[in-house]
Amino acid sequence: MLAILKREMSNYFTSPIGYIFLAVFYFFAGMFFTSVLAANTTDITYVFSSLFTVLVFIIPLLTMRSMSEDKKQKTDQLLLTSPLNLSGLVAGKFLAAFLMYCIALAVTVVYSLIRAAFAVPEWPVVIGNILGALLLGAALISIGVFISSLTENQLIAAVGSFAVMMFILMIDGFASLVPIPQIASIITSLSFMSRYNDFVTGILNISNILFFISIAVVFNFFTVRVLEKRRWG
Amino acid sequence: MIEVKNLTKSYGNKHAVNDISFTVNQGEILGFLGPNGAGKSTTMNILTGYISSTSGTAKIDGHDILDDPIEAKKHIGYLPEHPPLYPDMTVQEYLEFVYQLKKARQPMKAHIDDVCRRVKITDVQKRIIKNLSKGYQQRVGLAQALIGNPEVLILDEPTVGLDPKQIIEIRNLIKTLGQRHTIILSSHILPEVQAVCDRVIVINKGKLVADDTAENLSHNLTEDFRYIARIEGPEEEVEKLLQGISGIVEVQSLGQKEPGVCEYSLEAEPGSDVRRELFKRLADRNYPLLGLKTTELTLEDIFLQLTQDSSAEQKTDGGNH
Ligand SMILES: Nc1ncnc2c1ncn2[C@@H]1O[C@H](COP(=O)(O)OP(=O)(O)OP(=O)(O)O)[C@@H](O)[C@H]1O
Ligand SMILES: [Mg+2]
């Protein structure tokens, strides 16, 4: 698993993708943050509430190649015939993308500290924001990795992930269109946005934490299943 | 060392591999011979755990590849049909990655250097893989299989894409590797298999049609009973003369090749040597024999022969049931 993680990380930095991802993230984070500064508040909630939308665009960049590229280059033949189990392989791929995401997110920690220098922030809110962002990222990354395992074309993986994440982003809107209240409430209970917003406003709710962790675990498990199934094909 | 029993792989209702069984002993070099689509790569992919068999078992050093995959895979080095290379990495980075992936225990730097020396890629160790020629990429693929010194090497068409000089080098390398490793290699080329392997398995349409030593196989199949003779003299008369020689069952004129000189294809009864008689008769009539060569059986001939044999066997099998 460590070998995979290491190779993926160095791959992010030998291809332009890693830099593009970081650049786009830093650009938006910086932009939101300056507007917060301009508004002269210590409230960085605004930065984080916009984060979801940005992630929908850039997480697919991070995960589109995770599994698809190995299939295309036939390097999966090396990985799957090595003494390494499938969960180790998927974990390595997932963690590499997640680590990249953490590197990106680190900048928001820096911003928060800068704000703290000016005025004492509400620490629970700051911690909630960062924790929420970490969990949301993990969930979205696991979905992206899963979609990337379904195809050997990285473009299809990227567009597919983008579409799915866009849908997830707007799921509350769809729920309001459903006339049957029971079904609408099921859909809203799956909403990433409302749960993420709880974090953003500083509400640490254990069920929200478990929700995002379960999503990440379930989709990584699905990815393992896809690889397993392909073997039996 | 390798034990394969009743291996079958079906895609839909098509059998890519059909009930294949064989064993390979420690230190043996086994050749897989078969035409395109015979099922060589599929069999190798099953042996290495890349795909699962539909039924049947494969054991590597006593470890079942399905029940105990990690243990089994520790003993295998695999060079697939397309070398599994990461084009953006340098050869060194790539081999270090493979080293970690396989959890090899040898001291890393020395081991990688040693492997590179053996497959002669030391001079490209620092280069990016995508810029290497096909032959060098093939060798990097081979190097990858050797990392960790696995007991079993499974090589799918290891000499494809190499120039003749490299082919000979790689064949010699495989032969030396055979002293310490158990090897299965696949090929379309009979002479290659003959040159390198102790034993040969011929597969056709997913079925095993022969399992024998290379010597036996070539001996049984390339008995000298087909010749091409180049003879000066009137075509019809020479043809009649040839037909009169006892032991020759078929004569076919291949037409005039030089002024007054024709070529004939002769088929002799298996086991009878007609060359002396042929020379004598032609000398008597003063028709100079300008050339005589045995036609080597091509791979196609061998397949034809083997597959005809096996379908004949099947028929009698069916009759018995
Ligand atoms: N994923 C698959 N789906 C359907 N059929 C397949 C699949 N993989 C292999 N086959 C079929 O199985 C048969 C055996 O293929 P295989 O690649 O093992 O042949 P081979 O002996 O390696 O041939 P070659 O000499 O061309 O490499 C072929 O008829 C092929 O079409
Ligand atoms: Mg093949």
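A word of caution before I go on. This is a predicted model.

Let me stay with that pair. The crossing is right-handed. Which residues of α3(B) and α5(B) meet? From α3(B) we have B:Val91, B:Tyr94, B:Leu95 and B:Val98. From α5(B) come B:Val140, B:Ala143 and B:Gln144. By class, that contact holds six nonpolar residues, one polar residue and no charged ones.

Now the rest of chain B. How many helices and strands does chain B have? It has 11 helices and 14 strands. Of its 321 residues, 50% are buried. Look at the contacts in chain B with a separation of 6 or more. Residues 24 or more positions apart account for 67% of them.

B:Ile154 lies in strand β7, residues 152-156 of chain B. Is B:Ile154 buried or exposed? It is buried, because its relative accessible area is 0%. Leave aside residues up to four places away in sequence. B:Ile154 then touches B:Met44, B:Leu47 and B:Thr48 among others. B:Ile76, B:Gly77, B:Tyr78 and B:Leu79 are also among the residues it touches, and so is B:Ile184. Now compare a position further along. B:Asn204 is 50 residues from B:Ile154 along the chain, and their C-alpha atoms are separated by 19 Å.

Two backbone points in chain B deserve a look. Start with B:Asn6. Its phi is positive, about 50°, although it is not a glycine. B:Asn6 sits in strand β1, residues 2-11 of chain B. Its relative accessibility is 40%, so it counts as partly exposed.

Where is B:Asp61? It is in the loop between β4 (55-60) and β5 (63-64) of chain B. B:Asp61 counts as partly exposed, because its relative accessibility is 33%.

On to chain A, and more helix pairs. Two packed helices are described by the angle between their axes and the distance between the axes. Take helix α6, residues 86-118, and helix α7, residues 123-148. Their axes come within 10 Å and cross at roughly 160°. That angle is over 145 degrees, so α6(A) is roughly antiparallel to α7(A). α6(A) passes α7(A) in a right-handed crossing. On the α6(A) side, the contact includes A:Phe94, A:Phe98, A:Tyr101, A:Cys102 and A:Leu105. On the α7(A) side, it includes A:Trp123, A:Val126, A:Ile130 and A:Gly137. The residues of this contact divide into 17 nonpolar, three polar and no charged.

Helix α6(A) has another partner, helix α1, residues 2-14 of chain A. How do α1(A) and α6(A) cross? The axes come within 8 Å, at roughly 45°. So α1(A) is oblique to α6(A). This crossing is right-handed. Among the α1(A) residues in the contact are A:Ile4, A:Leu5, A:Glu8 and A:Met9. Among those of α6(A) are A:Leu89, A:Gly92, A:Lys93 and A:Ile103. By class, the contact has 12 nonpolar, one polar and two charged residues.

One more residue in chain A. A:Leu37 is found in helix α2, residues 16-39. Its relative accessibility is 34%, so A:Leu37 counts as partly exposed. What separates the C-alpha atoms of A:Leu37 and A:Arg115? The separation is 8.4 Å, with the two residues 78 apart along the chain.

Last, the cysteines. How many disulfides does a search of the whole structure find? Zero, over all chains. A:Cys102, from the α6(A) contact, is partly exposed, with a relative accessible area of 25%. B:Cys262 is buried, with a relative accessible area of 2%.

Definitions and conventions. Residues are numbered from 1 along each chain as its sequence is written. Chains are lettered from A and ligands numbered from 1 in the order in which they are written. This is a predicted model: local features need pLDDT of at least 70, side-chain atom pairs count only at pLDDT 80 or more; totals for chains, interfaces and linings use all residues. Side-chain values use heavy atoms; hydrogens and water are left out. A disulfide is a pair of cysteine sulfur atoms within 2.5 Å. Buried means under 20% relative accessible area, exposed over 50%, partly exposed in between (1.4 Å probe, protein chains only). Helices (H or I, at least four residues) and strands (E, at least two) are DSSP runs, numbered from the N terminus. Axes are lines fitted to C-alpha atoms, for helices over the stretch in contact, and angles run from 0 to 180 degrees between N-to-C directions. Angles under 35 degrees count as roughly parallel, over 145 as roughly antiparallel, 65 to 115 as roughly perpendicular and the rest as oblique. A crossing is left-handed if the near helix is turned anticlockwise from the far one by less than a right angle, and right-handed if clockwise. Contact means heavy atoms within 4.5 Å. Ala, Val, Leu, Ile, Met, Phe, Trp, Tyr, Cys and Pro count as nonpolar, Asp, Glu, Lys and Arg as charged, and the others, Gly among them, as polar.
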